[in-house]
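Keep the viewer open as you read.

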Amino acid sequence: MAVKPLIGLNADYCTSKDGTSACSWLCAGYYDCLIKAGAVPIILPPLKDRTDMNRVLHLLDGMVFIGGADLDPQRDGWMMHSSVRPMHRRREDFDRTLMKLVAARRMPVYGIGVGMQLLNVTMGGNLFLHIPEDMPKALPHYDPSDPYHRHALVVKRGSLMDRVYGEGEIRVNSMHHMAIDEVAPGFAVTARCPDGVVEAIESTQPDWFAIGTQFHPEAPSATALDFRIFEEFVEGVIRSRAEAMRMVA
């Protein structure tokens with residue numbers, strides 16, 4: 001029996017307040033989906049030392065960057081927007097550094113929600129800060145009164161997304177107000193909402209298995225078909241690990 005791949009997960013972070021302790025947390029769907037897909041998930045704390053991060057990455061076969069609050073656009077040279085709700089500085093510092101290290105290693109990575117946005121900006125792309133203003137003709141992509149808000153998805157033929165969804169009507173959950181504007185070099189859009197908003201990207205670089213989805217296949221509003229993305233990712237991690245072992249041998 002093949003050894004299951006070790007896949008890291010970052011986590012959210014909140015400071016202490018009103019006498020409570022500071023904590024890290026993430027929704028169980030992320031690690032439950034990885035376990036079901038045949039991987040062993042490892043939750044990482046927000047480390048500060050790059051040497052420590054590299055040591056952890058050396059033990060892993062892949063990374064999943066979870067969703068959460070917004071990236072601070074000022075860190076990418078843009079002005080703050082009133083709609084932006086930045087994640088905690090400690091998490092963002094960790095996430096940004098870790099993603100750079102993952103990219104340098106060409107480690108298999110899957111970014112979900114803000115995780116996909118981080119993958120894109122790290123590799124040279126940029127973001128729309130508020131869809132209703134930047135794309136006024138777009139469909140609603142966030143409904144605070146409906147956690148099961150969904151919209152249609154159009155996938156690119158021959159892509160990983162195509163392998164997951166195939167033919168027929170596709171609908172995915174939607175809970176975001178920021179989105180990819182310019183796609184990073186070395187990546188291609190492989191799924192969009194019918195209004196044009198980017199919903200998935202994949203690396204076009206032969207030496208790097210990297211994917212991202214704006215929607216959340218780990219969430220309670222996801223479907224059994226959405227879960228196939230985790231299976232595809234774990235299978236890709238296993239292939240990448242086997243190729244790396246052949247290169248060493």
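Which backbone nitrogen does the side chain of Asn10 reach at 2.8 Å? Please bear in mind that the model is a predicted one. The answer is the backbone nitrogen of Ile66. Asn10 itself sits in the loop that links strand 1 (6–9) to strand 2 (12–14). Its side chain has another partner as well: a polar contact of 3.0 Å joins the side chain of Asn10 to the side chain of Asp95.

Is Asn10 buried or exposed? Its relative accessibility is 0%, so Asn10 counts as buried. If you set aside neighbours within four places in sequence, the residues in contact with Asn10 are Leu26, Leu44, Met63, Val64, Phe65, Ile66, Arg91, Phe94 and Asp95.

Arg91 belongs to helix 3, which covers residues 89–105. Beyond its neighbours within four places in sequence, Arg91 touches Asn10, Ala11, Asp12 and Tyr13, along with Ile66, Gly67, Gly68 and Val114.

Val114 takes us to the next helix. Two packed helices are described by the angle between their axes and the distance between the axes. For helix 3 and helix 4 (residues 114–122), the axes come within 10 Å and cross at roughly 55°. That angle makes helix 3 oblique to helix 4. The crossing of the two is right-handed. On the helix 3 side, the contact is made by Arg91, Asp95, Arg96, Met99 and Lys100, and on the helix 4 side by Val114, Gly115, Leu118, Leu119 and Thr122. By class, these residues divide into four nonpolar, two polar and four charged.

How many of the nine residues of helix 4 are buried? Eight of them are, and the helix is mostly covered. The buried ones are Val114, Gly115, Met116, Gln117, Leu118, Leu119, Asn120 and Val121. After helix 4 comes Gly124, which has a positive phi near 110°.

Val114 also has a contact with Ala69. Ala69 lies in the loop between strand 5 (62–65) and helix 3. At 29% relative accessibility, Ala69 counts as partly exposed. For a sense of scale, the C-alpha atoms of Ala69 and Thr51 are 26 Å apart, while the two residues are separated by 18 residues along the chain.

Finally, turn to another helix pair. Helix 1 (residues 28–36) and helix 7 (residues 224–248) pack at an angle of about 60°, and their axes are 9 Å apart. Helix 1 is therefore oblique to helix 7. Here the crossing is right-handed. Tyr30, Cys33, Leu34 and Lys36 of helix 1 meet Phe227, Phe230 and Val234 of helix 7. This contact has six nonpolar residues, no polar ones and one charged.

Technical notes:
Residues are numbered from 1 along each chain as its sequence is written. This is a predicted model: local features need pLDDT of at least 70, side-chain atom pairs count only at pLDDT 80 or more; totals for chains, interfaces and linings use all residues. Side-chain values use heavy atoms; hydrogens and water are left out. Helices (H or I, at least four residues) and strands (E, at least two) are DSSP runs, numbered from the N terminus. Contact means heavy atoms within 4.5 Å. Buried means under 20% relative accessible area, exposed over 50%, partly exposed in between (1.4 Å probe, protein chains only). A polar contact is a pair of N or O atoms within 3.5 Å; within protein, one must be able to donate a hydrogen and the other to accept it, and residues adjacent in sequence count only if both atoms are side-chain atoms. Axes are lines fitted to C-alpha atoms, for helices over the stretch in contact, and angles run from 0 to 180 degrees between N-to-C directions. Angles under 35 degrees count as roughly parallel, over 145 as roughly antiparallel, 65 to 115 as roughly perpendicular and the rest as oblique. A crossing is left-handed if the near helix is turned anticlockwise from the far one by less than a right angle, and right-handed if clockwise. Ala, Val, Leu, Ile, Met, Phe, Trp, Tyr, Cys and Pro count as nonpolar, Asp, Glu, Lys and Arg as charged, and the others, Gly among them, as polar.
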